[in-house]
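Please keep the sequence and the model in view while reading.

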Amino acid sequence: MADITYRANLKTASFPFLSELFGRSIIVKQQDQNYIGGLATKESLDSAIGVPQVYYLHNVVPTDSGYKSVGYREYTPPTFPAGTDLNNVATIRDGAGNSALLGTTSGGNLYVMEKGTSTWTVPIGAPAAATIAGKRVTIAFVSGVTYIYFSNVGCYVYDWTTNTLTLTALSGLVAADIIGVVGHKGYLLAYSESELAWSSVILATDFVPSLETGAGGGQVEGLRGRIVTAEEVYGGIVIFAEENCIAAQASDNPRFPYTFQPITGSGGLTDYAYVSRDSGSGAVYAYTTSGMQSISLRQAQAVFPEVTDFLSGGLFEDFDELTNELSLTETDDTLILKRLHLVADRYLMVSYGENSLTHALYYDIAYKQWGRLKLEHTDCFELGIYPTGVTETPKRTIAFVSDTGRIQTLDTDIVSANSNGVLILGKYQYVRSRLLQLQGVEFENVNVGDTFALYDLPTYDGKVFQPAIAGYQVTGTTGKAVAYSFHNTAVNHSVLLKGAFNAVSLLLNFNVAGAR
């Protein structure tokens, strides 16, 4: 049979988070019933079932025209010994335009990195490490002041001039009872495991109940279980409890500034790290006892069920770039570690790992597409301390910190020398009843001088991969358009891309071989 040229699909809304969940696919559809009227709703119709596509990737993100490998820029080199466990980074600021990163370790040590610098410093006046070891740190920005609260310990304010943390009393509250603070509409709000208190609008540290100042608080109505955390959204506060979520909606009544109402359909929260923090937006993402949800003051909606199933499925997948093999590990009864972050109001990052955070699902809200990153880290955050005018690129604010204090930012530049990703597409079979002989692959785009390799991963049963076969680069094809020769026959083939690339076009040349 004559050679056939096929352009691969490089634009899919999602990819299977576990490659084993991607079934056999063919180029020419045959007697496949992807949709049967009366047995499936229109919402479940998926015309892409059985179509070859991306089914594994890491350090690759979607673009408008395909997929791009990415790398990382070092913003701050490793500063502390391994095992320091700097595992939480938050942004603090003031009304004069100053801002800084506040880093905390599991042992209770604090570090500050001010805007325009890339060096961690130890603030003066920080509470004793033993006192705040293992304590959660919450941040509230009210009337030009950032209040830093160490759970069950106390409230501090940072002075940029002297690099000093100053203990600040919240009058009317028992510091040992308070687990966190949040700011909204000029109020500083403090919460215990069952109550919420709001400050005077005149003085944010005054919580003494008064009809004159407006300060007050009390039991949170409708609460089921203990309060875990509270996050600001547009119009109020979402209070996350162990079994449900409560909307504290601003009432514009100075005597009773908030009304409480359970949020319809919301699940509970088991860890404060399972909530994305995006102050003032209409909703936050959370991994609740009901799975991944988008939670606003009015309702909770189930979103990204594939993420819920993946994170709770007990399987962890990775790709070994040395052996070119996929590995699947059962986590048994150990929960996959996870954290949620929303960066630049566009990128939802779901960090996860088996024993530590090693990967992050990357969701571009604008493109509505998934990517995945592979990088050892302890926290992900939005890096907003660049000097004014240095950058306006949203993706460069996606930052990761390691336990040694090293900060790296995502590097998506097309010409980046740091780029290094893995992408597997397939599984390519022309028709189900015949073998397929792969003759060649033409690929765009590879920059001159970049490290890049292309392989064929053949299988004879659609499941078990044979050893990877490296393509032979055709003489005279270099740079933006590269051609590789093969002469492999199998039931189906997968194309493995490794290194630096900006995938916008992939052409397969093949011929149909004998019957299976």
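Strands in this account (E, at least two residues) are DSSP runs, as are helices (H or I, at least four residues), and both are numbered from the N terminus. The model is predicted, so to speak of local features a pLDDT of at least 70 is needed, and side-chain atom pairs count only at pLDDT 80 or more, whereas totals for chains, interfaces and linings use all residues. Residues are numbered from 1 along each chain as its sequence is written, and side-chain values use heavy atoms, with hydrogens and water left out.

Strand β22 (residues 291-295) is joined to β23 by three bridges, and Q293 stands opposite A302 in β23.

The cysteines come next. A disulfide is a covalent bond between the sulfur atoms of two cysteines, and here the term denotes a pair of cysteine sulfur atoms within 2.5 Å. The structure holds zero disulfides. C155 is buried at a relative accessible area of 1%, and C380 is buried at 3%. Buried means under 20% relative accessible area, exposed means over 50%, and partly exposed lies in between (1.4 Å probe, protein chains only).

Side chains of opposite charge can pair when their charged atoms come close. A salt bridge is a side-chain nitrogen of Lys or Arg within 4 Å of a carboxyl oxygen of Asp or Glu, and the structure holds 10 of them. One of these links D411 and R73, at 3.6 Å from N to O. Since D411 belongs to strand β32 (residues 407-411) and R73 to strand β5 (residues 71-76), this pair ties together parts that are 338 residues apart in sequence. D411 is buried, with a relative accessible area of 2%, whereas R73 is partly exposed at 30%. Both residues also belong to a network of salt bridges that links R73, R396, D411 and D413.

Another salt bridge joins D364 and R346, with an N to O distance of 2.8 Å. D364 lies in strand β28 (residues 359-364) and R346 in the loop between β26 (337-343) and β27 (347-353), so the pair connects parts 18 residues apart in sequence. D364 is buried at 0% relative accessible area, while R346 is partly exposed at 24%.

Finally, the backbone deserves attention. Most residues other than glycine have a negative phi, and most peptide bonds are trans. N324, in the loop between β24 (315-320) and β25 (325-330), has a positive phi near 55° and is buried at 13% relative accessible area. N152, in the loop between β10 (145-150) and β11 (154-159), has a positive phi near 65° and is partly exposed at 29%. The peptide bond from G426 to K427 is cis, with omega near -5°, and K427 lies in strand β33 (residues 421-428). A cis peptide bond also runs from E444 to N445, with omega near 5°; N445 lies in the loop between β34 (434-444) and β35 (452-459).

Methods: Two strands pair if DSSP finds at least two bridges between them.
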